[in-house]
Amino acid sequence: MTERITDRLAPHPESHSKFWQNAHLYFDRVYQSMNLDPTWRSVLSTPKRVLTVSCPIRMDDGRIQVFTGYRAQHSNARGPFKGGIRYDTAVNMDEVMALAMLQTWKNALVDLPYGGAKGGVVCDPRKLSMGEKERLTRRYTSEIMPIIGPMEDIPAPDAGTDGQIMSWVLDTYSMMIGHQALGVVTGKPVTLGGSLGREEATGRGVMYVLRKFLSTQNKKLSDVRIAVQGFGNVGFHAARLLAERGATIVAISERASGLFDEGGIDIDAAGRFYRENGTLNGLEGDSISNEELLACECDVLIPAAMENTVTAAVAPHIKARIVCEGANGPTTPEADEMLRENGVTLLPDILSNAGGVTVSYFEWVQGLENFFWDIKRVNSELQIIMERAFDQVNAKADEADCDYRTAAYTIAISRVAEALRLKGLFP
Ligand code: NAD
């Protein structure tokens with residue numbers, strides 16, 4: 001019986017996108033080295049459920065446009081599904097399935113009582129008016145309504161979505177069930193039951209992990225020059241918090257432009273400019289392309305833009321000795337291998353960018369209890385969780401004599417596999 005289930009769920013790698021294949025490659029590599037029961041492999045590598053929805057929206061000019069959306073729920077072995085919603089033209093089913101799986105490992109690694117999920121809508125949020133975005137969000141929420149809920153699946157922001165969009169998710173869900181359900185979504189504005197510190201939490205987590213790693217090398221943040229790719233939620237806050245602690249941010253970039261200053265960029269000023277203009281283009285300083293940023297003179301590279309930006313083509317040119325992944329899946333497996341062979345230390349996404357989901361967890365807990373924490377408590381609990389996760393990964397890497405990604409996956413997969421094993425199969 002178990003054999004048949006395993007066969008039915010077996011993924012067919014060749015029919016999937018590169019990103020999905022990459023996510024599975026990391027998983028498979030570690031799973032095979034762990035001596036775990038092979039019967040659970042397919043269950044662990046296959047999403048439990050993927051919902052595709054179509055959302056017809058009345059556009060401002062009167063036309064009706066249909067947008068495709070997805071919600072992939074990878075695993076709920078350790079608790080309700082949890083993961084972001086992305087608005088981007090590149091969103092596709094493979095991408096949300098891969099990101100949902102990554103989310104399962106991330107939540108397990110920082111030991112949150114959640115499984116992993118991810119959602120997305122194929123759209124360019126910058127080309128939608130506020131009204132169109134609201135109608136799209138409300139329709140998408142109502143379409144995925146049957147599978148979300150405070151105890152079922154809790155969405156959050158991801159690339160292209162923000163607190164305003166989460167407010168519409170909250171309101172749509174609450175209107176449909178007849179009362180406010182703060183626990184249905186995280187990343188809400190603070191006035192609507194959001195947590196203090198959530199907006200900057202991913203960047204703050206990146207800072208905690210990098211600082212902790214540097215301390216194992218007897219180094220401080222003030223000793224390092226950092227290049228940050230992507231200047232959105234993760235990139236901006238990571239750069240800002242690192243600069244506040246003495247790091248020199250020598251390069252930043254967004255989709256279309258970048259800036260280099262070996263003396264250090266004024267991150268607050270760049271942040272204001274980016275918020276006002278939606279680009280770094282026009283900001284005073286030496287401009288660089290995204291490719292040049294990845295290969296610039298620095299000690300630490302933080303890819304915080306999108307997946308697959310650190311490829312085998314750029315890996316040999318990377319001068320940084322530390323790559324701290326702010327984005328999800330920014331390094332392809334080929335680049336990962338090349339960097340390791342070149343002696344570069346890679347702090348993997350499921351560890352270094354887990355600060356966002358950790359404070360999302362705090363927000364969920366606060367919303368369920370209707371009792372709200374001050375910022376000091378949020379940041380100190382976040383620091384405890386991030387540093388504990390780093391210590392566990394560091395100890396596992398030492399013990400198994402492996403790289404940090406392998407160590408992080410080993411811890412995460414064993415936690416999920418253990419939960420599955422203890423629960424057994426239903427029915
Ligand atoms: P965002 O939309 O706020 O910002 C993305 C930034 O990257 C923008 O500055 C954009 O111009 C830039 N960018 C996009 N494509 C690029 C490219 N090809 N090259 C260079 N720059 C590019 O998104 P975000 O919330 O900061 O998320 C960034 C990454 O971090 C994503 O991979 C996301 O899944 C991941 N992540 C986000 C959070 C969170 O809390 N927001 C948590 C964990 C992981």
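**A buried arginine and its partners**

Analyst: Let's start with R86, which counts as buried at 4% relative accessibility (buried means under 20% relative accessible area, exposed over 50%, partly exposed in between, with a 1.4 Å probe and protein chains only). This is a predicted model, where local features need pLDDT of at least 70 and side-chain atom pairs count only at pLDDT 80 or more, while totals for chains, interfaces and linings use all residues. Residues are numbered from 1 along each chain as its sequence is written, and side-chain values use heavy atoms, with hydrogens and water left out.

R86 makes a salt bridge with D158, with the closest N and O atoms 2.6 Å apart (that is, a side-chain nitrogen of Lys or Arg within 4 Å of a carboxyl oxygen of Asp or Glu). R86 sits in strand β3 (residues 81–88) and D158 in the loop between β5 (153–157) and α6 (163–177), so the pair ties together parts 72 residues apart in sequence. Helices (H or I, at least four residues) and strands (E, at least two) are DSSP runs, numbered from the N terminus. D158 is buried too, at 17% relative accessible area.

R86 also meets E95 in a salt bridge, at 3.3 Å from N to O, and E95 is buried with a relative accessible area of 6%.

For a contrasting setting, look at E244 and R240, whose side chains form a salt bridge at 3.1 Å, N to O. These two are four residues apart in helix α8 (residues 233–244), so about one helical turn separates them. E244 is exposed at 51%, whereas R240 is buried at 15%.
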